[in-house]
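Please look through the sequence and the 3D model below before reading on. The text after them goes from the chain as a whole to single residues.

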Amino acid sequence: MQMPHIRYTTRRLMAVVSVLLVLGIGAEMVRRKTRVLQGRAVFHSSEQQRLTADRDSRLREANSDPAMRPVLLFDAQRHLQAIVWHAEREQEDRRVIDRPWVPIPQLRAGPPWPPIPAELYPVVDQPKASLVDSFLFQPWRYPLGDWTDDSTVENVWFRSLDGTRLNGWFAESPTARAVVLYAEGNAGNITGRRGVLSLFRDRLGCSVLIFDYRGYGRSEGFPSVAGVLMDARSARRWLAGRVGVNEKDIVLVGNSIGGAVAVDLAARDGARGLVLENSFSSLADVTERHFGRLARMLIAGRLDSASKI
């Protein structure tokens, strides 16, 4: 028969063990919470530094490029809003570190990034396409193509650097693994690229923008080699502003002649990734293969991906 004092001692030991177990679990929970909050605070601090450097770069560009000054100043203001947002989140996380009884604040998606209004882009005389450009490009102008509305796709408008008004479709993934700019091929327009949206957003979990160069689809102007390169650069800037990432963090994908366009962007400014689909080494090589060496002389130096890459 168990003695009363033994039963009493056993209960005391069990109570002490229970208390120690609860304290140990509580201490571990506090340590884990502290690590999470410290990591978030460090992230917000590093983002403030990065965004500040980007904002300073925009302000320097605004002083050296009067034509784009309104756009760059607006972009710098957007960066300031994002910097303030990260600073507030950092302060909130650091306050909770010192209050273990307060639950971890909900992680928010990201800072506000209002899009740059197309009206800010300067409008100037649009260059006409040369005879060679008219021969090279095979655009489908609106209403050619299937322009049926898709409620899951955003129809967007923006301006190229020379003021040409451009049209595109933006498909956003709520949990984007990457941001993709797709430069289309020569013939047709964006209505023939609906599969691109499905591939990158629905299957690969990326946010993606496809757009029509000048003279294609609903985009204004006339296609030219210089013009499509300018259009792609403007599309990337719009996309970076729309999703709130650095332009160099965008993945560039180019099909056919769009591959040369993507190479030009990546070679000049960098990119997170570069994907070329059924493209070519240079426009001169393609021309010579189909029309001989004499025709090559007319295209020499244009869209030379091999040398740029």
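The paragraphs below describe the chain, its sheet, the helices against the sheet, and some salt bridges.

This is a predicted model, in which local features need pLDDT of at least 70 and side-chain atom pairs count only at pLDDT 80 or more, while totals for chains, interfaces and linings use all residues. Residues are numbered from 1 along each chain as its sequence is written, and side-chain values use heavy atoms, with hydrogens and water left out.

The protein chain has nine helices and six strands. Helices (H or I, at least four residues) and strands (E, at least two) are DSSP runs, numbered from the N terminus. Of the 309 residues in the chain, 43% are buried. Here buried means under 20% relative accessible area, exposed means over 50%, and partly exposed lies in between, with a 1.4 Å probe and protein chains only. The accessible surface of the chain is about 17,000 Å², and 58% of this belongs to carbon and sulfur atoms. Such areas come from the Shrake-Rupley method with a 1.4 Å probe, and for residues only the protein chains shown count as cover. A contact means heavy atoms within 4.5 Å. Among contacts between residues at least 6 apart in sequence, 68% join residues at least 24 apart.

Now to the sheet. Strands of a sheet pair through backbone hydrogen bonds, either parallel or antiparallel. Two strands count as paired if DSSP finds at least two bridges between them. In this model, six strands make an open sheet in the order β1-β2-β4-β3-β5-β6, with mixed pairing. Its edge strands are β1 (154–159) and β6, each of which pairs on one side only. On average, neighbouring strands of the sheet are turned by 25° against each other, direction ignored.

β2 is mostly covered, since six of its seven residues are buried. Four bridges join β2 to β4, and these strands run antiparallel; W169 has I210 in β4 as its bridge partner.

N255 stands opposite E277 in β6. L274 is in β6, which covers residues 273–277. With a relative accessible area of 33%, L274 is partly exposed. Together with L276 and I309, L274 forms a nonpolar patch on the surface, with about 270 Å² of accessible area. Patches are made of residues with over 30% relative accessible area and no salt bridge; like charges are joined within 9 Å, and nonpolar side chains (Val, Leu, Ile, Met, Phe, Trp, Tyr) within 5 Å.

Which helices touch the sheet? Helix α6 (residues 257–269) lies across β3, β5 and β6, and runs at about 150° to β5. The axes behind such angles are lines fitted to C-alpha atoms, for helices over the stretch in contact, and angles run from 0 to 180 degrees between N-to-C directions. Helix α4 (residues 194–203) also packs on the sheet, touching β2, β3, β4 and β5, and its direction makes about 165° with that of β4.

A salt bridge is a side-chain nitrogen of Lys or Arg within 4 Å of a carboxyl oxygen of Asp or Glu, and the structure holds 22 of them. In one of them, D93 and R40 meet at 3.0 Å, N to O. D93 is in helix α2 and R40 is in helix α1 (residues 4–64), so the pair ties together parts 53 residues apart in sequence. D93 counts as buried because its relative accessibility is 1%, and R40 is buried at 14%. Another salt bridge joins E61 and R237 at 3.8 Å, N to O. This pair links helix α1 with helix α5 (residues 225–243), across 176 residues. E61 and R237 are also part of a network of salt bridges, whose members include R233, E247 and K308.

H79 lies in helix α2, which covers residues 69–97. H79 counts as buried because its relative accessibility is 4%. Leaving aside neighbours within four places in sequence, H79 is in contact with L51, D54, R55, R58 and W113.
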